[in-house]
Structures are given as C-alpha cells and as structure tokens.
Amino acid sequence: MPQLSVANRTLSRIPKRAEKQEIEVLHRTFSDSGVFDVIDTVDSQIIYGRRGTGKTHALNYLASEKRESGELAVYLDLRTVGSPTGVTGGPPADRAERATRLLIDILGALHEELLSSALEGATTGDELLVARANAFAQAIARVRVEGTVSRGRTSRQSTSSGSNFAAELSGGFHGGRVTAATIAGETSSNEHREEVNGVETHEIHFGEVSRALRDLTESLATKRLWILIDEWSSLPPELQPFLAEFLLRSVLPLKKIVVKIAAIEHQSVFRTTSGDATIGFEVGADISANVNLDDFMVYEGNEERSVEFFSDLFTRHVAAGEGLVPGIDTSVPSSVITVAFSDSRAFAELVRAAEGVPRDALNIAGIAATHALDTKITVPLVRQAARDWYQSDKLKALESRQEAIRLLHWIIDEVIRGKKARAFLVTEDESHSPEILTLFDARVLHLVRRGYSAQDDPGVRYNIWNIDFGAYVDLIRTKNAPQGALAIGNDDSTFATVDVPAEDRRAIRRAILTLKDFASPR
C-alpha cells in the first residue's frame, strides 16, 4: 500500500493551532500579511478576527519581538485564567462578585507573569521591585468579611549573620504570599494570626490597584509593559464589561502600559448599562479597534497577494518541521508549490478554499496531503479536502444552532441552486442579523466587501458575502454548479475567479437576498 511522500507527511503534520507550539517556533513560523506594522504601535488596540485567522500567533510574535528589544511583555490566555466560581458562577455568586473573583484571578496571573519575568537574574538591587510587586499582590487580594473576626499577634526575634537577598512567590491570591528580605546581622519577624467567622466578599479598589501597578512598572528597567490579552470572547458576555471597566480605570490611563486585546467581534461585549451606570470602555474613544484580520487575506481581488502570503506561510512551517523535505528550498517560497502540488493552479485552489483563514489552509492542505499519498496534490484533491473540512469542522460547530443551519440551507438554495452563483448581496442592516453573524463566525459565510453600492439601487449599501468553498464544492460538477460570481467593482470588468463561462457573470450581480423572505411563512 502506498505511503505518504515526505512532502505530504510534512504538510499533514504541521501544527494547526498556535497555542500548541513553543514561542520560538511561533516566532519562526509567523508570516506577516501586513498586520504586524499595524499592531506594533504604542496605542492600545482591539484585534478582531474569527477563529483561525492568526490572532494568537500575532500576539505571541509581538510578545517575542518586544522581549527581544528589552521591553516586558506579558501574554494572558483568558481560557486558562479564572476559577469556576469566577467564570461560571453559581447560586451564591451574583454577577458583581463573579466579576470581582475573575478580575482577581486575571490580575493574579498578570502578577505572577510580571514577577517571574522581572526576577530573572535578580540581585540585591531588586528589593524595591519585589516590594512593589508585594504591594500589587496585596492590592488585588482584598477581602471584606461580613461576620465576626478575631485576631491574634505574636512576635519573635532571631539573629543571623551574613548578607543575602531572597524573593519568594507562593500560592495563589486567595491566601498566597510574596516575600522579600535582605538579611544582614539581627533580623526580626512577626507572625500574624487571624480567625474569621463570616462570609468573605472579594473587592478591588481600582485606584489602589492602579497606583500599585504604576509603581511596579516604574520599577522596571524596560521602557514599557505590554499586556497582551488573548481569547477575550471566551469570557461570559455578562462579565466582559467588568474587565473592560477595570482596564479603563486602572490600566489604560498608565503611560508605560500598552494593552492589546484579541477578540471575536460579534462575541465581544466591551460596554453595557446597569440602571443609570455605564460599565466598560467605549470602542474607538477609549481604545482603538482598527485591526480586523478577516480583512487582510480576502482572496477576491487580492489573488496574487494571497498566494504570496500562503506560500510563505507553508514554507515557514515546513522549515520549522522535523526535517528537510527533498527538493524544497526553504529560502524560496515557491519551491513548496513545485514539490507538493501538481501545479500553481492547485495551490491557488487551496488558497481560494481557505477563504483567507490560515488555520483552514493548514487543515485543508493536511487532509489533501493525506488523500494524495505518494503523489502531488491536485485541484480535485483540494476540493475533496475542502468538502471534508467543511463537513467535519464547520458544520459540527453549528449543530446546536438550528435556525442558523436553516438559514444556511436557504441561502444555498437561493444562491447556488437558484442563482447558479456563489456570491450574494445582503443589506448592511440585515448583515448584522444574529443568524448571519453566527454563520460568519463559524466560517461558512465570508464577508468579501462592506458598503457595496449596486447599480440598480445606488441609494442602498450592501455587504458582499461568499458561501464557503466547501459548502458549494459538492455541487460544482452537477447541474446546480455555480455559473458566475459577483462583480467586485462598479463596472463589469472585475470578477471573483470562478471556473465558469464569462458570459454568465453579469446576471449574478443581481443575487440580492432579503432575510424577510427567509422569515416569511411558507
């Protein structure tokens, strides 16, 4: 039975998720689509992008670049921070208490990362740094007790000779400690004993935490502290504004701190109201949101740039793999295409199938390489792999969203079967419907262009959407095959690439969908 060729085995083994790789590997495999120049600024930013677009990779690359330049960068994955009572809550925990516990957990993780980085190679001159880290730890671990508290205090003295500096971090921030001491001659120590009978309520004083954090950053030898927050959208929506409020009051005003937040746009809540109070920050006014990774690698209209980016992406991953691949010169990105693919058209089909999402490109290539065995990857194999990936990953994510699946089937019927097309128009207002956004976040619909003005209705603005490559590839050889694509300019001269006769394309420009038709009774 044929086995995988070296090239296909290498493609199938490329890690598909950035968090599974070491920081050094992430640095070597980062392929810049132009996003780095946009995020490498001292302005605090929100970086939007659907899953798989490279948010985690970009943040880790930024962190490594800042550390190499002598600055301090702390990366926080919010999926791994927080206790069950802080994130999911329970009957005894209301929203404010849950948010406070979550903030304490996040700040505790930030403190540990800061102290761990700052104490590398610590000397006696670092007593002030550790003392201020201790003050920061105390500021984020305040507990108010409603009930009876009895306290006791004992003291003892001991003598010691010599001189030494020590720093110790232990426990968490529900009873942990940070200690620092410079021992020389006689020293004294106090023991504090406290017995509590009552209910503990956690609290954070924003001003106190901000002062402690400012003092801590002023103790650092680095120019700035970069706080890189990943997976914002993994937090419960009702708690997200509380974290945003803390950042607004205690972190964003500090000059030496830069905050970058990676989030999924339609799953993020940065501001809300509670009675007459507004909680959280205002996007655009308090923090910029000028980066969306979904906009960087749209294939339609950017074919050459997209192929160049993905060829560099695959070359970097192959170079970082387990061994050399015969025939591939990792200094020449096009050599990956020559060795692993039957021709440039097969690789372009892979780029098309990825819809601008790097993780999808890696997965589709891995599946196609497995199907190819000891031969090169062809266009039919790319299409088969795209269909497999669509069915096994994207549709699986929609299993619990029955209304979104019904809308997807309706769109497929209306556009692919009815219009013989792949691209379609939806008004900007209807593009914000929950079901459309659900399909977009699941990567079964892709936003090609915003604010399109159709010739037949110039006063209305539309968004141009594409149905996922894998969703229509099953139909490409049937009587329902797409016959054209939407013109992407205001004339008839520029079209998305589709293997169809050119004379059929103009009619597809009128593939306008109205969600009222979907909602109307049948």
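Buried here means under 20% relative accessible area. The legends below describe close-up views of a predicted model.

View 1. Helix H12 spans residues 344–354, and nine of its 11 residues are buried, so the helix is largely enclosed by the rest of the structure. The buried set consists of Ala346, Phe347, Ala348, Glu349, Leu350, Val351, Arg352, Ala353 and Ala354. Among the elements that cover these residues are helix H10 (303–319), helix H11 (334–340), H13, H14 and helix H17 (469–472).

**View 2. The two ends of H12.** At the start of the helix, Asp343 places a side-chain oxygen within 3.2 Å of the backbone nitrogen of Arg345. After H12 comes Glu355, which has a positive phi, near 55 degrees. Most residues other than glycine have a negative phi.

**View 3. Crossing of H13 and H14.** Helix H13 covers residues 358–372 and helix H14 residues 379–394; their axes come within 8 Å and cross at roughly 120 degrees. The two helices are therefore oblique to each other, since angles of 65 to 115 degrees count as roughly perpendicular and those over 145 as roughly antiparallel. The crossing of H13 with H14 is right-handed. On the H13 side, the residues that meet H14 are Asp360, Asn363, Ile364, Ile367, Ala368, His371 and Ala372. Their counterparts in H14 are Leu381, Val382, Gln384, Ala385, Ala386, Asp388, Trp389 and Lys394. Nine residues of this contact are nonpolar, three are polar and three are charged.

**View 4. Leu373, between H13 and H14.** The loop between H13 and H14 contains Leu373. Leu373 is not a glycine, yet its phi is positive, about 60 degrees. With a relative accessible area of 27%, Leu373 is partly exposed.

**View 5. Asp468 and its contacts.** Asp468 sits in the loop between strand E12 (461–467) and H17. Its relative accessible area is 2%, so Asp468 is buried. A polar contact of 2.8 Å joins the side chains of Asp468 and Lys394. Lys394 also belongs to the residues of H14 that meet H13. Leaving aside residues up to four places away in sequence, Asp468 touches Glu355, Tyr390, Lys394, Arg422, Arg443, Val444 and His446. Of these, Glu355 is the residue that follows H12.

**View 6. Arg443, a neighbour of Asp468.** Arg443 is one of the residues touched by Asp468. Arg443 lies in the loop between helix H16 (434–441) and strand E11 (445–453). The phi of Arg443 is positive, about 65 degrees, although the residue is not a glycine. Arg443 has 8% relative accessibility and therefore counts as buried.

**View 7. Crossing of H8 and H9.** The axes of helix H8 (residues 206–218) and helix H9 (residues 240–251) come within 8 Å, with a crossing angle of roughly 55 degrees. This angle makes H8 oblique to H9. H8 and H9 cross in a right-handed sense. From H8, Phe206, Val209, Ser210 and Leu213 take part in the contact, and from H9, Glu245, Phe246, Arg249, Ser250 and Val251. The contact comprises five nonpolar, two polar and two charged residues.

Methods:
Residues are numbered from 1 along each chain as its sequence is written. This is a predicted model: local features need pLDDT of at least 70, side-chain atom pairs count only at pLDDT 80 or more; totals for chains, interfaces and linings use all residues. Side-chain values use heavy atoms; hydrogens and water are left out. Axes are lines fitted to C-alpha atoms, for helices over the stretch in contact, and angles run from 0 to 180 degrees between N-to-C directions. Helices (H or I, at least four residues) and strands (E, at least two) are DSSP runs, numbered from the N terminus. Angles under 35 degrees count as roughly parallel, over 145 as roughly antiparallel, 65 to 115 as roughly perpendicular and the rest as oblique. A crossing is left-handed if the near helix is turned anticlockwise from the far one by less than a right angle, and right-handed if clockwise. Contact means heavy atoms within 4.5 Å. Ala, Val, Leu, Ile, Met, Phe, Trp, Tyr, Cys and Pro count as nonpolar, Asp, Glu, Lys and Arg as charged, and the others, Gly among them, as polar. Buried means under 20% relative accessible area, exposed over 50%, partly exposed in between (1.4 Å probe, protein chains only). A polar contact is a pair of N or O atoms within 3.5 Å; within protein, one must be able to donate a hydrogen and the other to accept it, and residues adjacent in sequence count only if both atoms are side-chain atoms.
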